[in-house]
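Please find below a short note for a colleague who is meeting this structure for the first time. The sequence and the model are shown first.

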Amino acid sequence: MAAESVGDLASPSSSPAARSCAMVGSKTGGSCQLSPPCPCPPGARPCSPKYFGRDSMVCVCNATYCDTLDPLVLPAPGTYVKYESSKAGKRLERSQGSFQRSLHTPGTRLLLTLNVSVLYQHLKGFGGSLSDAAAMNILGLSQQAQDNLLHSYFSESGIEYNLIRIPMACSDFSVRPYSYDDVPHDYELTHFRLAEEDVKMKIPLLHRASAMSRRPLSLFASPWTSPGWMKSNGDVRGKGTLKGQAGDKYHKTWANYFIKFLDEYAKHNVTFWAVTVQNEPLAALLTPPQFPTIAFTAAKQRDFVVQDLGPALARSPHRTRIIILDDQRIHLPHWAKVVKTSSPPAQVLNHFVAGWTDWNLALDLEGGPNWVKNYVDSPVIVDSSKDIFYKQPMFYHLGHFSKFIPEGSRRVGLHSSCRRLICQLEHVAVLRPDGALVLVVLNRLGWDVPFAIQDPAVGFIETVAPASSIQTYLWRQQ
């Protein structure tokens with residue numbers, strides 16, 4: 001998922017070819033000390049890079065400084081803006097240019113031609129996950145550093161995420177295993193209570209993120225495990241199935257557990273766009289022994305949705321959608337085919353691919369905390385002992401989509417002149433709700449690739465995708 005992952009979480013990477021500190025100030029102790037004047041657009045601040053002797057760099061933020069972007073403004077007709085990030089050190093660096101009426105050297109470079117009359121799916125958005133671990137890491141910083149981190153993700157000066165995934169009770173990225181109702185045989189869920197992790201950490205952070213965001217935030221929740229007394233192994237920890245079968249008291253209670261969760265969050269003025277039925281119902285079987293999970297096959301999960309969860313949601317006041325597959329894409333298209341063997345799911349399931357949600361918003365230097373020691377990477381790494389956080393290359397990679405492709409955008413036709421089985425660039429074109437066009441171009445190769453863009457309504461752009469780079473082009477047709 002990462003474009004240029006750091007690799008060693010404790011040692012974010014660097015690049016000898018990265019932008020020199022002359023662009024942003026003087027280099028001291030491995031990072032750049034910023035000093036005016038700033039040669040960047042109004043409102044924007046450049047990355048303060050830090051080098052660890054590897055093949056890229058991170059951008060350092062603290063309570064008093066963090067790199068930012070200028071609010072997005074559509075360029076004048078006949079012109080375009082380009083944002084570029086690269087292994088060489090650029091981080092969403094902005095430039096601009098004008099369309100040409102014709103190509104200076106036709107036929108000598110790859111040509112990408114847009115066709116806005118060919119429309120594909122609407123896009124929901126992009127975002128990340130506010131796990132217990134992410135919340136703890138964010139709140140481990142000073143108040144101003146917390147604000148800088150949240151602004152980086154959700155505000156106009158950041159990459160403007162609009163999707164947030166919330167675990168229902170514990171995940172492995174918690175510091176303890178827990179559920180919301182550990183009283184055995186409480187089929188009425190009278191002892192259901194949100195945890196301190198919800199009330200004191202995640203809910204306050206959600207309100208802060210929402211207040212910073214220009215765009216409405218869409219939240220979706222995912223369970224890792226039911227209470228132990230509902231599971232075949234009798235424990236929140238470890239692998240098991242839900243006791244019984246679809247339609248019985250265990251499945252009805254588990255469905256009502258979802259409703260209770262939505263009810264309790266609504267009391268804190270937090271509502272959910274969707275829920276997923278189960279985090280990694282199959283892939284979690286390959287995780288460490290104590291990993292909290294409920295295993296489902298596609299057929300068993302379908303039956304639970306049709307007989308229990310779908311009707312429970314329909315009876316509730318919540319207009320929350322159901323996402324049935326929350327697992328590795330290797331399970332497609334099999335999972336979808338099984339779901340569609342029964343007609344009712346077609347009425348209650350949203351099975352279109354319409355966005356991207358990354359995992360933890362922020363982790364510590366070890367890649368946690370994680371109570372089963374299942375450490376991973378994250379776009380933001382927090383060092384609370386120094387009150388700083390590192391924005392990794394993947395943070396900016398994701399921003400090339402989330403910043404420029406708002407909810408309601410549609411993918412449009414894009415023709416490549418490449419006739420080989422494997423072409424040098426990866427690309428996607430999108431029509432925004434405001435009528436502007438976005439083209440994202442990724443070059444994974446270690447050398448520059450010249451190419452051209454054609455919008456028949458505007459003209460041509462002759463340009464280059466530098467080695468190991470990602471670019472976002474934005475323009476309007478009139």
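1. Confidence. The model is predicted. The average pLDDT of the protein chain is 88, and 88% of the residues score at least 70. Residues 1–41 have a pLDDT below 50, although this stretch makes 112 contacts in the model beyond near neighbours in sequence. The pLDDT is also below 50 over residues 343–351, where 14 such contacts are present. Where pLDDT is low, the predicted coordinates should not be read in detail.

2. Surroundings of Ser-174. The relative accessible area of Ser-174 is 1%, which is under the 20% cut-off, and therefore the residue counts as buried. Leaving aside residues up to four places away in sequence, Ser-174 touches Asp-132, Pro-369, Asn-370 and Trp-371. The Ser-174 side chain also reaches the backbone nitrogen of Ser-171, at 3.2 Å.

3. Span and bend of α5. Helix α5 comprises 18 residues, 298–315. From its first C-alpha to its last, α5 reaches 24 Å, close to the 26 Å expected at 1.5 Å a residue. At Val-305, α5 bends by about 50 degrees.

4. Burial in α5. Val-305, the site of the bend, is itself buried. Other buried residues of α5 include Ala-298, Gln-301, Arg-302, Phe-304 and Asp-308. Leu-309, Gly-310, Ala-312 and Leu-313 are likewise buried.

Note on methods:
Residues numbered from 1 in each chain as written. Predicted model: local features only at pLDDT ≥ 70, side-chain atom pairs only at ≥ 80, totals over all residues. Heavy atoms only, no water. Buried < 20%, exposed > 50% of the residue type's maximum accessible area, 1.4 Å probe, protein only. Polar contact = N/O pair within 3.5 Å; in protein donor to acceptor, adjacent residues only side chain to side chain. Contact = heavy atoms within 4.5 Å. Helix = DSSP H or I, 4+ residues; strand = E, 2+ residues; numbered from the N terminus. Expected span 1.5 Å × (residues − 1). Bend = angle between axes of the 7 residues up to and from the residue. pLDDT = per-residue confidence, 0-100.
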